[in-house]
Amino acid sequence: GGGDESGGSGEAADPIAGRPAPTDQAPDSEVKIAMIGFANNPYWVSVKAGADYADRVLGGKKGKVDWIVAGDNIDVQTVSSAIRAADAQGYKGVGFFIAGEGNCADIKTLAAKGIKLGAYNTLFDCVGTSGGTINYAQEQYKAGQTAAQEMIKASGDKAGKVGIIVSQFTAPGSEQRRQGFIDGLKGSKLTPVNQGVEAKDSASNTFSAAQNFLQSSPDLVGIYATAGGPFGAAQAVAAANKQETVKVIGYDITTENIEAIKNGSMYGVIGQDAFGQGYNVAVELFNAAVTGQQPAQVKQEAVAPFVTKDNLAEHDPSTLPLGTPGAS
Amino acid sequence: MSATLAKRQERSWKEGALSLVKRQETGLFGVIVVLALLVSVANENFLRKDNLYNVLQTVVVVGIIAVGQTFVLIAKEIDLSVGSVLALSAVTAGSVYGSGANPWVAAAVGVGVGALSGFAVGTVVVLGRVSSFIVTLGMLSIARGLTQLITGGLPQTMPSELSFIGQGRVFGGIPVSVIIFLVLVLLGQLLLTRTVFGLRVTAIGDNDAAARTGGIPVAWTRVLTFVLIGTLAGVAGIVFSTQVGVAEAQAGLGYELDVIAAAVIGGASLSGGRGSIIGAFLGACLLGVLRNAFILLALSPFLQQLSIGLVIVLAAIFDQWRQGNLRHLHPRTLRQQLTRRKA
Amino acid sequence: MSATLAKRQERSWKEGALSLVKRQETGLFGVIVVLALLVSVANENFLRKDNLYNVLQTVVVVGIIAVGQTFVLIAKEIDLSVGSVLALSAVTAGSVYGSGANPWVAAAVGVGVGALSGFAVGTVVVLGRVSSFIVTLGMLSIARGLTQLITGGLPQTMPSELSFIGQGRVFGGIPVSVIIFLVLVLLGQLLLTRTVFGLRVTAIGDNDAAARTGGIPVAWTRVLTFVLIGTLAGVAGIVFSTQVGVAEAQAGLGYELDVIAAAVIGGASLSGGRGSIIGAFLGACLLGVLRNAFILLALSPFLQQLSIGLVIVLAAIFDQWRQGNLRHLHPRTLRQQLTRRKA
Amino acid sequence: MEPTPLVDDVRSAALATAGLTKSFGAVRALRDVSLVFPAGQVTGLLGENGAGKSTLIRLCSGQMQPDAGRLTLDGREVSFANPLEAIAAGVVVVNQEPLLISELTIADNLFLYDLGERPGFALARRGANVHRARELLARLGMTGYLPDPSTLCRDLSAASRQMVDIVRALSRQPRVLFLDEPNSSLTHEESERLFAVMARLRDEGVAVVLVSHRLAEVYSIVDNVVVLRDGTFVAAGRPDEIDQKRAVALMAGEKKRAVVAEVVADRAGAIEQAEVALELRGLTGEGFTDVSFAVRRGEIVGMSGLVGAGRTEIAEAVIGLRRPTRGGISVAGRPVRISGPGRAQRLGLAYVAEERRTEVFHAQSVGYNLTVRVLSALSRLGWVSPRRTNAKARELTERFGVKAASSEAPITSLSGGNQQKVLLARALAARPKVLILDEPTRGVDVGTKAEIYATLRALAHDEGLAVWFISSELEEVVELADRVVVVRGGRVTLDALNNAGPQPIVAAAMGATEGST
Ligand SMILES: Nc1ncnc2c1ncn2[C@@H]1O[C@H](COP(=O)(O)OP(=O)(O)OP(=O)(O)O)[C@@H](O)[C@H]1O
Ligand SMILES: Nc1ncnc2c1ncn2[C@@H]1O[C@H](COP(=O)(O)OP(=O)(O)OP(=O)(O)O)[C@@H](O)[C@H]1O
Ligand SMILES: O[C@@H]1[C@H](O)[C@H](O)CO[C@H]1O
Ligand SMILES: [Mg+2]
Ligand SMILES: [Mg+2]
């Protein structure tokens, strides 16, 4: 957990423009928000940064945001038991990475008890219908389609094969990105090598999967990685010296991916406002807990910029102020 | 005099009925109580009824299978395939339901698939004379592969008619799944200590030759033991998937190790013959309490993983110690041993 | 006559040097060749030099540890902690480097941590008399927990000076990691069959009592065996992490089962005393070829998992058969067995 | 207070064997044995270790199938495919090693057969079984012989375990009851109670067969004795026809005595001069007390005694596998402390343990088995030289006449006798000063035995090796030893030149009261 760190660096901070503003209403007593996440790839750095920043912003308003790492296996059960434990600890709001529709069962039971629940990373209709407060994420299917169009462009409209690497077939977000991509390729000269290979958000697994694709398909023109560790695929392409012919498209504006974009081994990534998944969700939960009001929209779509060498300057978090929309 | 003797013997029988399992279980229970008190000092939420139900609910799935694993370990075998079989049962139930079947039929088919997997494992172990470690290692892959083939990797919706199994609560808030778990633990303990089958399992694990000459159907008992754990994995699969309403292909990934840990912490011996269902129950609870405590105390989940590992090793060392197998660790003996080692 | 006898024995000794391991290995090699031919009919890329290197490269990590696991299995022990120890070594190296150390020192510290883990396991096994299954099950959790504590779950950058280990190629395209692997296999085979240590490992696994009576330092040899596999897991961790340039906390998750599968397919016996490093190498290759074939043939990745499970079970059954342990499966005997089972 | 009958439905029967024969590879354990075990009588089955008594019992009770021969029960020919069939017919055995489930209670073990007969889902009647067990014990007059039947067998002493097996056998309504050394771990008092039960069974018409090496006790109950030697039937008769002395003579055989006496007399002088290679002074430990004797260079000491006398423990203490609590050991005149087998080896002691099963590396080659103890000598810096290993293996196979296809042949492809030669060769590979052998020819055929004897004699008498062998075969001790040491109950009861034939050895081993009938 990060309660201790946020205590250390917890001097007050100003809200970020262009993001939900904390309510002016003052709560009677401290309002604790739990943000449940994981720690298996660099994507989480930004989510946690958002949650920690929200802690500093809300600190002056009797708000407190705790970052809780639920474990190392991202699945419905693990998330579910972390949500229930947060409830048992008396958190007024719980934000969590939604691992599947199954987590809506918890939203339903806890919302009925008056707890505010926020889901991030993937959009599900059930969040709203179960009484959730906010569901903040990129529209993943659409992102997949974007990736397909960029891939077609990048390959110069040549015919060829594309390798697909997913986190797990059972991870809904990753799966929507895969579906969107496959549908997006329809009608083009690009065809997927197969349905895809699982890499469990690991750069090393992504690396070996990419290697297999490079070897098995001499007509490979692209690799699409839907989840954590896409820079592993870039490494494989660079190791095979095929940056020119094989374009790698992945997700998340992380240090490692930016590095790969800079050195040319990766063509581009799609962002998903990971910072906002921590910050926006925490602030909205706080507001709802204090005011008792739901936000206008439960389902909120995050911006999903496509970042390449050409527009990197507008999206590089290392050169922009913390929390700038579009830079994570 | 004969009457008092009879009474004394009566009492000693009752004492004896417990003595088999006594020490490991009381030790374990003590550890859990101390841990719970410590945690509740730091966070008064721990001992809230809700949280305790919550803890129990998180151990249900591992615990149900640990009941079966205890039988398997007592029979001097092991089953590594339980996590995959759990998933296979769940997605089978989901997809049978998806193809239009009655929810109860779907659940029954799911559990049946678990039993069948166990039967397959048992048959190969008995007829192929292959160690169950290897057979179930293979089954772990096979069942997972089948699971993914069935689902195409996508979650299967579970019938909402069954959702009370995983989500329902009765008697003022006790989760139905917890009740199922407790009933299975009780039945398991009875099956182990009070039925012909249970004693057969103990016999074949303790002394295969004696069991054979004693006329016990050794091969068949072994097969049935695997059928039992397969069935329980199937039940766990239904509980697991109705908790969240969907059956996922990666359900139960890596659970085999948790299940074995629970059974071993509970006193089951890898060398067969010994084990206790109540012990396995407490073992599963200890793991659950540890996990919950780490979340409640806002400690790193990584420390949690580390300490679970330590608990497993310590439980095993404790078991060796209470069996008097650690006398060689007396300082004097140790010195001798060390000099001899160099010899 | 004595001279010709001597010559015959000379020759037969050399033949013999192979004979111990011969059949499992030739059988395995045959299976791999047939499989390769079949795949190459469907996809001519398979037999391309590049692809073969690629296959080898994907098996390097599992293969290196399988060398150690073979020793451990021969000593009648098992090590489930290898995947976690791999990760621990890798992230230790990464974070030592991150704190400013020389790349080589970092790598050495990483490998050293692997060796130390092995030493810890071995010591508990020998002194605590706890089965290595349990100790390494605990270590699996402990090392993974440490790994995550060190990294906070985030990848550690590996020194680019070491990237040639995972990524470099020499002699016209042979990956450096493959060369490291092959050298370790060779050294492993020599260590097993040509050194006092290797022959002692065989002795303690084959017959612990006889080894003890024969003056072999049983406890110490056992500890060293775990140090060996720990060290190899450490080396594998360095290779693994330099392939991608980062050491991840979840590296090697679940590898223990792959490693055991490779060793067992290669002829190592869970009952100790038997096993072959070349066999383990081939076992790892078979798993690699299977995985590669499924990609090349664009078959479902799910079928792959299923068929790997089948291969594990079939390999074990084959092993039982060639040892003549399946005579009871003759139809007549079988009938008797079945009737007796009911008895 | 008249006890109810032990056997409810007495249909007394006699068991007869005709031409029973059984071989284990080259070992002919039983040859053409025809016998009758009459109903209503106790028959004592006598014979040296390895005479074939247990084999005979196994053949009669379905535990093994004979190579040839027939069984008749009550005049009807029978054959038992497994022990259950034999039990069903009333032929029940109390084995030398009780087969119990340690984790179940005494009651569970007494009614273990129930578990096979009743359906698996049925309740196990554990409580009822405890009552049944108490009743059974009361009926047998054995309450108090055992802890309460609800006790786990894991917590029982060796004697109680033995007693559980006995009670279980009695509960099976035996018509023919074999007791294979049932009292070896029982105290005198416990044996007497057991004998009282046997007497009652006899009176109820059961055919009781008793194997025991405690002759005095046997003679206190038997109606008949049968003597086996080397797997053959030697004699049968009433105790007054074959008294204890005669039985010992029949069991031991009379041959070779003269020859041996001469040989030993010949060498006695030379040996007395030789220096002491190994000496035990008052050695005491678990299983043996105050053991003192010496082995000189060039001398073969044969250690005799009954199974369980504690000889193995003495040897293991000398070799460093056990820790003596008192007393001392000297090697070549120097007092030494032996911390483990490695140390013993460096002091020039070599040891071959009694069971081949515990000594052979089963999955390995002949060459490996020959050289495993001298790896250090065959290696440089930890690397073993295949050339030198090879040469060593070849030298050893030739020197000891091991018949193997090659030194790379699996050890399991060798006959038992050749495996035994491999073990002997392995022990000698390190060129020890003292060779300690526990049962060196157990399960070895006659021809190979002779070869092994010749080799040992040559090593001792020509090369000055000190040999100490333990043997339960009297003939072996008489034939091979220069000096005999007899152990009984963990104490040395005889230490003398081997020139008086078998009788004093048997007497010292069994503690038989000489001349009593
Ligand atoms: N399963 C077996 N395999 C090989 N040889 C055997 C086997 N069982 C017995 N023998 C051999 O057969 C011979 C007779 O053995 P048996 O056990 O019948 O002797 P015994 O008279 O019961 O001796 P003891 O008094 O030591 O119990 C011995 O030489 C023994 O080594
Ligand atoms: N580990 C032990 N602990 C306690 N008692 C033991 C142990 N091992 C053996 N004994 C007992 O010590 C006595 C001597 O047994 P042992 O087998 O050594 O005799 P032996 O003379 O070597 O017989 P054998 O003819 O079988 O070689 C027996 O009564 C046995 O039950
Ligand atoms: O893009 C994100 C991250 O890559 C993370 O690995 C898990 O979920 C995906 O949606
Ligand atoms: Mg016998
Ligand atoms: Mg002995």
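How far is an oxygen atom of ligand 3 from an N or O atom in the side chain of A:N121?

Modeller: The separation is 3.1 Å, between an oxygen atom of ligand 3 and an N or O atom in the side chain of A:N121. This is a predicted model, in which local features need pLDDT of at least 70, side-chain atom pairs count only at pLDDT 80 or more, and totals for chains, interfaces and linings use all residues. Residues are numbered from 1 along each chain as its sequence is written, chains are lettered from A and ligands numbered from 1 in the order in which they are written, and side-chain values use heavy atoms, with hydrogens and water left out.

A polar contact is a pair of N or O atoms within 3.5 Å; within protein, one must be able to donate a hydrogen and the other to accept it, and residues adjacent in sequence count only if both atoms are side-chain atoms. For A:N41, a side-chain N or O atom is 2.6 Å from an oxygen atom of ligand 3. The backbone also takes part: a polar backbone atom of A:G228 is 3.2 Å from a ligand 3 oxygen. Taken alone, ligand 3 exposes 270 Å², and the protein buries 95% of that (Shrake-Rupley method, 1.4 Å probe; for residues, only the protein chains shown count as cover).

The residues surrounding ligand 3 include A:Y43, A:F97, A:R177, A:D201, A:A227, A:D252 and A:Q272 (a residue is near a molecule if one of its heavy atoms lies within 4 Å of it). This shell divides into 3 nonpolar, 4 polar and 3 charged residues; Ala, Val, Leu, Ile, Met, Phe, Trp, Tyr, Cys and Pro count as nonpolar, Asp, Glu, Lys and Arg as charged, and the others, Gly among them, as polar.

Elsewhere in chain A, the side chains of A:R84 and A:D106 meet in a salt bridge at 3.6 Å, N to O (a side-chain nitrogen of Lys or Arg within 4 Å of a carboxyl oxygen of Asp or Glu). A:R84 lies in helix 3 and A:D106 in helix 4, so the pair ties together parts that are 22 residues apart in sequence (helices are DSSP runs of H or I, at least four residues, numbered from the N terminus). Both A:R84 and A:D106 are buried, that is, under 20% relative accessible area. A second salt bridge joins A:K153 to A:E150 at 3.3 Å, N to O. These two residues both lie in helix 6, 3 residues apart, about one turn of the helix.

Terms used:
Buried < 20%, exposed > 50% of the residue type's maximum accessible area, 1.4 Å probe, protein only.
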